Amino acid sequence: MSYFRPGFRHPELPKNDLGYTKQQYEGAISTLCAGCGHDSISAAIVQSVFELSIAPHQVAKLSGIGCSSKTPTYFLSNSHGFNSVHGRMPSVATGANLANRDMIYIGVSGDGDSASIGMGQFAHVVRRNLNMMYVVMNNGCYGLTKGQDSATADVGSRSKAGSVNRFEPIDLASVALQLGATFVARSFSGDKEQLVPLIKAALSHSGFALIDVVSPCVTFNNNPGSTKAYDYVRQHMQTTSLVDFVPMAEEITTAYGEGESRGVTMHDGSVIQLHKLRTEWNPEDRQSALNALAESRERGEVLTGLLYVERDSRELHETINSTRTPLRTLTEKELCPGSSALETINNSLR
Amino acid sequence: MQRINAVNDFVIKFANVNGTGSASANNLFAKAVFRMGVPVVPKNIFPSNIQGLPTWYEVRVSEKGYLGRRGGTDIMVSVNPQSMVRDAQEVEPGGYFIYDSTKPLDPRLLRSDVQFIGIPLTDMCLRTYTDPRQRQLFKNVIYIGALAALLDIEFGVLKDLISDQFEGKEKLIAPNVHALEMGHQYARTHYECPLSIRVERRDLVGDAILLDGNTACGLGAVYGGATVAAWYPITPSTSVVEGFQRFAERLRIDPGTGRRNYAIVQAEDELAAIGMVIGANWNGARSFTATSGPGISLMTEFLGLAYFAEIPLVLIDVQRAGPSTGMPTRTQQSDLTAAGYAGHGDSKHVLLFPSTPKECFDMTAQAFDLAERLQTPIIIMSDLDLGMNEGMSAPLQWDDARRYDRGKVLSAEDLDAMSERFGRYLDVDGDAIPYRTYPGTHPTKGSFFTRGTSRDEYAIYTEDGAAYVRNMERLLGKWDTAKTFVPAPELHSAPHQTNTGLLYFGTTTQATMEALDLLAEQGIYVDAMQVRAFPFHADVDKFIESHDRVFVIEQNRDAQFRSMIINEMDCSPAKLVRVLNYDGMPITARLIASAVSAQSAAGAAAKDTSPVAKATKVTHLHKGKVERG
């Protein structure tokens, strides 16, 4: 674990289409434990935003409280960040998005932050289909307060201290699907190959995109008997399909045999390419996703990959018919009706 | 029997059943008096209920233009058998009790000192209408017609009001006018009209308007440039955002696309509402919410964040009687300390105290400038009395040359022109207000991390005690800066030299102004100061300093305003005398005047330190509403 990152970079580091190097998407040095799954997710976010050639300041990153919620400091330091209060990131993200619909919003939360104290706000941000990517760094425990079980801990899962969880877990992916989420994925912090294309797809989705990432807590919940440990997840991980993300205006080059591959074209023209699909699952059928999740849970497996996507998703701004211009850029001219309108109002009150 | 003889100076109270459409008929009465050029003070006294419970509507008619509640009832219009016993007892001797005489009156209700006037309202409705809803609604209109005859209200004024009210639904005009005529006819045929209490046309309202404070706040938010409103329904604040929406639907539609130049989200709770408001303001949009006491409790954690992270926001608190659910449809000024010091740790917030609908409009619009200038929450402390009752008010005004003060915000050009490093929490100008940037301003400059944890001047997380203290001290400095921006108090000097002062704010203003006249009639002269904002202006300090005794008038049990004065200023608590009203009804001039005069007499007689108050309406409370400091 290092406390210092050298400022020197190779002068010919690769640049993205906007001319930025990956360095310009990095954040401060992480203060999380060495080996923490969350750091891998931060790295995947950096890589995805860099490769998608999104200008760093066009992203706003928001979080609640907890280990996971610290991570926005560790990626995209040229983006504004907001570490709000415990469990309330969804509301802050909603307000931010209402103010400026043209930016890209990344919300980071944890299983305590979303599935316990923030369950209400989580449910409602899903319902509203706010245009944002919502990443849950899910480790089944409360890291920052030293390892208590969280609401996503599986029944029978054993913590480092030896206690066994007896309460039913909340599966955020299933809950989101039931609440009408328009993009739901699950991944594993140890599988960057899968995580990066999922993040890219989520960022391209118009509407609420949930990625529930199992992200082991190396300090408090990485022991034998824990279902959120690296070993357990590696042994029990199943995928819905292999995922490629092809941004708009790029050619699809990978060739697969017929019936093995399926492309989902997103609102912005980019394509999610899915290969080696599970036969009983359809990425555009909500019920199929719910069934697949339920069945894999029965088998003690961790089902990862893209679970569901709705291409004709209607995000909040469309539902409330707000102007296409970011609200924050409107001036007195558009906002203030002026004295003559006020005189008419006065007259109606006499 | 001695009758009350009064022209344009009386209180009439309507006792109705909630949910029967009575409020709009009673409003018709108030508006008719208003249109005859006579000042009116309507108050809707309603239950926390949608249908069935007793509800009252009180109209004070005041030629002298007093806009507070007077207390007492000269004419009771009793249309609700449930509350009849109590209503009959309430009438002042020499007054009138107007009732539905379809059924004979219980003889036990009769009083020899009150005149009873029966009108067979139900019977008239049953004979005229077949539809049950019509029978209910027109009963109200019939008694308004009868009152027109009894109190000499011009019938033409009522007819005009009906035409205005049903503009666009002209089919409804004739039946309403017919109902008015039925009542009018009945009263003229059966009673000597007018009564000894009556209305006479005057020219006393000028260009005044009748408007409720909540609508005025909503309109103030439209004019103040709010684009994002997030809220959770709660009485008595609900009509603030509804008012904003109603005006925005008319005045804020983009002409080219038909799309909305505003966004309203009904949140899942008050926590989410204030969270959204914080997010929107952080991202550069003017955003507000409205709530009442229970909502303030829920928003407290977020208010602390906004204070510490220095995020502008506007919050309209329409106070009701607490604690807990309290009396949700009754008024109080009891959220002062909860709002003023909301948040754990050391935090305090700017409060504005509107006293009229016009001030609701002005202060709401101004609050957005203040919030962005000071980068902190601005809380408007309205209450149910001001928010939900139509009040007579000076007309609303707007200066078209006025520009929004968006505060210290750096643009991309500003950032490029800067040679020094941008520090989000750096006091560059010495006024303790730092510069901020909106997200998305510049690809590589000016980004910072907003957090509720301690950080240094460059928004970098730190647990260094010295950096924390520097920041907390700067926030105190900003508090001092705020004193120079918030609305100044208004002084009303007595015509004679006096060592007694009155301090008041918000909705106690109207009753206090009237109390000053009542006291002057007794030869008691006091200086009075209307406080309009917290933190307190230096003039408040001087006012207390320059008087030996200062009565602090407020509508809560614990003298919260007085506590805040003691907390914020170097003055002796002993000279601050509590005058309290907290039964849920708006404070009256009578209560204030009797409390002050009783104390003045006691104070003059001896150095009396006992908390006993001689004021009427005061002693029936457990400890007395008036205590020595």
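Residues are numbered from 1 along each chain as its sequence is written, while chains are lettered from A and ligands numbered from 1 in the order in which they are written. Local features here need pLDDT of at least 70, side-chain atom pairs count only at pLDDT 80 or more, and totals for chains, interfaces and linings use all residues of this predicted model.

**Stop one: the domains.** Colour chain B by its assignment: domain 1 (6–198), domain 2 (211–393), domain 3 (408–486) and domain 4 (490–627). These bounds come from an automatic or database domain assignment.

**Stop two: domains 2 and 3.** Select domain 2 and domain 3 of chain B; their centres, taken over C-alpha atoms, are 25 Å apart. Domain 2 of chain B gives 14 residues to the contact and domain 3 of chain B gives 13 (contact: C-beta atoms, placed from the backbone, within 7 Å). On the domain 2 side, α10 (293–309), β14 (350–352) and α12 (357–374) of chain B each give two or more residues (DSSP runs numbered from the N terminus: helices H or I, at least four residues; strands E, at least two). That side divides into eight nonpolar, three polar and three charged residues (nonpolar: Ala, Val, Leu, Ile, Met, Phe, Trp, Tyr, Cys and Pro; charged: Asp, Glu, Lys and Arg; polar: the others, Gly among them).

**Stop three: a helix pair.** Now select α1 (residues 22–35) and α5 (residues 155–165) of chain B, whose axes come within 9 Å and cross at roughly 120° (lines fitted to C-alpha atoms over the stretch in contact, with angles from 0 to 180 degrees between N-to-C directions). Show B:Leu28, B:Lys31, B:Ala32 and B:Arg35 of α1(B) with B:Val157, B:Leu158 and B:Leu161 of α5(B), which make the contact. Five of these contact residues are nonpolar, none polar and two charged.

Methods. Two residues are in contact if their C-beta atoms, placed from the backbone, lie within 7 Å.
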